[in-house]
Amino acid sequence: MDTTADLLKTPLHSLHLELGARMAGFAGYDMPIQYKMGVMQEHLHTRANAGLFDVSHMGQILIRAKSGDVRDAALALEKITPVDVADLKPGRQRYGLFTNEKGGLEDDFMVANRGDHLYLVVNAACKHDDLKRIKAALSETCEIEAQFGRGLIALQGPAAENVLSSYAPEAEDMLFMDVAEIDIAGVPAVVSRSGYTGEDGYEISLPAEETDRIARLLLDDDHVAPIGLGARDSLRLEAGLCLYGNDIDETTTPVEANLKWAIQKVRRTGGAREGGFPGADTILGQFENGASRLRVGLQPAGKAPVRAGAQLFESDSGGAAIGTVTSGGFGPSAGGPVAMGYVPATLATPGTTVFAEVRSKRLELAVAALPFVPSTYKR
Amino acid sequence: MLKFTEDHEWLKIEGDVATVGITEHAAEQLGDLVFVELPEVGAKLEKGGEASTVESVKAASDVYCPLAGEITEVNQAIADDPSLVNSDPTGAGWFFKLKLDDANSANELMDEAAYKSMIG
């Protein structure tokens with residue numbers, strides 16, 4: 001466990017303390033786990049109104065091609081990611097994956113075409129490794145700029161559009177996965193219409209020195225409440241979104257993780273830019289032949305939450321473990337426990353019964369379609 | 001007689017039977033409870049044994065048996081509605097009744113003043 005003195009602070013650290021947040025170390029940063037409202041109410045408030053999240057611990061990275069053509073940067077990035085970056089249009093963002101030689105996942109991220117450069121947001125715990133990975137593969141052809149000190153806040157929920165549009169009218173016209181530089185109260189912000197909650201909303205990248213002022217401005221709106229990492233986790237779990245390190249890691253492939261949709265046809269077998277990324281043989285082989293295990297939603301039959309690490313079994317007694325729960329807890333909007341995990345592909349059909357061992361008891365779960373709560377993205 | 005443990009449980013002792021729950025401080029620290037697993041009536045537990053499990057949105061925590069004894073009654077109402085523990089931890093949110101092996105064993109526990117000074 002990090003001691004508090006060793007932990008880094010985001011530009012909103014003093015705001016969190018002022019708001020009475022319960023703080024804890026996360027990926028090397030002293031972060032708000034919850035505020036006075038508590039995880040349950042923060043979760044429900046985000047789904048009903050709007051929540052403001054500090055995600056400044058995440059890594060923001062800019063990539064510029066030395067040729068000046070953003071397509072050259074995109075093609076260079078495709079050497080280390082299986083997603084289609086080159087066809088991403090200016091002002092658009094998509095979900096990306098870094099793979100390793102075994103086909104496992106080194107991180108997941110967002111990549112946007114900002115016209116003259118690429119803009120990436122990577123996971124906090126992986127950002128230094130990601131930067132090394134990108135520099136190793138792209139330095140010859142690209143300039144790489146890490147903006148690890150910059151602020152990043154997410155405004156999520158059905159009221160997010162009205163709140164942000166009151167300061168920046170352009171935000172209203174953006175669609176899911178659009179990215180634009182817009183002015184918020186005199187501050188040039190890079191805004192994407194995306195998030196990690198399943199709700200409509202925005203992620204807003206800001207100069208460190210302006211992040212606190214803009215966060216306070218947004219919190220002034222009665223619809224907006226500050227939301228901690230506790231509710232961020234329950235919101236993304238209900239939305240069926242992966243948490244790197246839990247649901248996906250260096251041992252899980254994109255096919256096993258049920259992320260085939262993230263690898264566009266152009267990078268698959270027979271596509272114009274087929275393969276050419278780490279682990280392509282394994283991953284494209286699994287596209288052809290299927291994976292032996294798959295990430296699925298798991299709906300506990302009873303009221304007891306089934307949490308990450310619980311072993312899964314085919315029957316209510318005996319037998320060897322067939323899989324593991326990778327995320328699990330209580331879904332405040334689902335109104336009961338929800339979980340995700342890996343099961344053999346033969347047991348991955350929704351409705352299939354499996355059992356999880358919790359406190360030496362086998363609890364029944366049903367394989368369930370994801371998400372648990374329908375997403376409300378503005379497409 | 002009202003007693004407290006370092007694990008943030010309260011015991012209301014009448015004769016050799018203790019009604020046990022978690023303190024307001026513990027309930028606040030845990031946050032909104034979403035699941036409570038109660039012990040079996042008739043279970044004989046040692047002091048410090050796992051008596052119950054409570055779960056919030058975020059995490060599971062154990063409730064320990066504060067003294068050796070036998071479970072004589074459990075509060076099914078908190079299993080049906082765990083939020084009772086948050087709204088009334090020292091009243092309707094009680095967990096179980098424990099017939100103490102030794103009625104004098106409660107003397108070693110903290111009184112309310114000692115507990116309050118412990119939590120600051």
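Okay, a definition to start: by salt bridge I mean a side-chain nitrogen of Lys or Arg within 4 Å of a carboxyl oxygen of Asp or Glu. With that rule, the interface of chain A and chain B has four salt bridges. Please keep in mind that this is a predicted model. One of those bridges pairs Glu37(B) with Lys361(A), and their closest N and O atoms are 3.4 Å apart.

Now the overall numbers. The contact involves 16 residues of chain A and 15 residues of chain B. Between them the two chains bury about 1,400 Å², with 49% of that on carbon and sulfur atoms. Which three residues supply more of chain A's buried area than any other three? They are Lys303(A), Arg307(A) and Arg359(A), and they supply 41% of the area that chain A buries against chain B.

In UniProt, an unreviewed entry annotates Lys58(B) as "modified residue: N6-lipoyllysine". You'll find Lys58(B) in the loop between strand 6 (50-56) and strand 7 (60-64) of chain B. Is Lys58(B) buried, exposed or something in between? It's partly exposed, at a relative accessible area of 41%. Setting aside neighbours within four places in sequence, Lys58(B) is in contact with Val39(A), Gly230(A), Asp233(A) and Arg307(A).

Gly230(A) takes us to helix 7 of chain A, where it is one of the buried residues. Nine of the 10 residues in that helix are buried, so helix 7 is largely enclosed by the rest of the structure. The buried set includes Leu229(A), Leu235(A) and Leu237(A), and also Arg232(A), Arg236(A) and Glu238(A). What covers those buried residues? The cover includes strand 1 (22-26), strand 2 (29-34), helix 2, strand 3 (50-54), strand 16 and strand 17 (336-344) of chain A. Just past the end of helix 7, Gly240(A) has a positive phi of about 75°.

Most residues other than glycine have a negative phi, and most peptide bonds are trans. Ala27(A) has a positive phi, near 50°. It sits in the loop between strand 1 and strand 2 of chain A and counts as partly exposed at 35% relative accessibility. Ser360(A) is another residue with a positive phi, near 65°. That one is in the loop between strand 18 (353-358) and strand 19 (361-368) of chain A, and at 73% relative accessibility Ser360(A) counts as exposed. And there's a cis peptide bond between Leu370(A) and Pro371(A), with omega about 0°. Pro371(A) belongs to the segment after strand 19 of chain A.

Next, two histidines in chain A. His16(A) is in helix 1 (residues 13-18) and is buried, at 2% relative accessibility. Its side chain makes a polar contact of 2.8 Å with the side chain of Asp54(A). Leaving out sequence neighbours within four places, the contacts of His16(A) include Thr10(A), Met23(A), Pro32(A) and Tyr35(A). His57(A) is in the loop between strand 3 and strand 4 (59-65) of chain A. His57(A) is buried too, with a relative accessible area of 3%. Thr10(A) is also among the contacts of His57(A), along with Phe26(A), Tyr29(A), Met31(A), Ala124(A) and Lys127(A).

Last stop, Glu203(A). UniProt lists Glu203(A) under "binding site", again from an unreviewed entry. Where is Glu203(A)? In strand 12 (residues 201-206) of chain A. At 11% relative accessibility, Glu203(A) counts as buried. Away from its sequence neighbours within four places, Glu203(A) has contacts that include Ile153(A), Ala154(A), Val190(A), Val191(A) and Tyr196(A).

That's the tour, happy to take questions.

Definitions and conventions:
Residues numbered from 1 in each chain as written. Chains lettered and ligands numbered in written order. Predicted model: local features only at pLDDT ≥ 70, side-chain atom pairs only at ≥ 80, totals over all residues. Heavy atoms only, no water. Contact = heavy atoms within 4.5 Å. Buried area = accessible area lost by both parts, 1.4 Å probe. Buried < 20%, exposed > 50% of the residue type's maximum accessible area, 1.4 Å probe, protein only. Helix = DSSP H or I, 4+ residues; strand = E, 2+ residues; numbered from the N terminus. UniProt positions renumbered as here; feature names shortened; annotations may be inferred. Polar contact = N/O pair within 3.5 Å; in protein donor to acceptor, adjacent residues only side chain to side chain.
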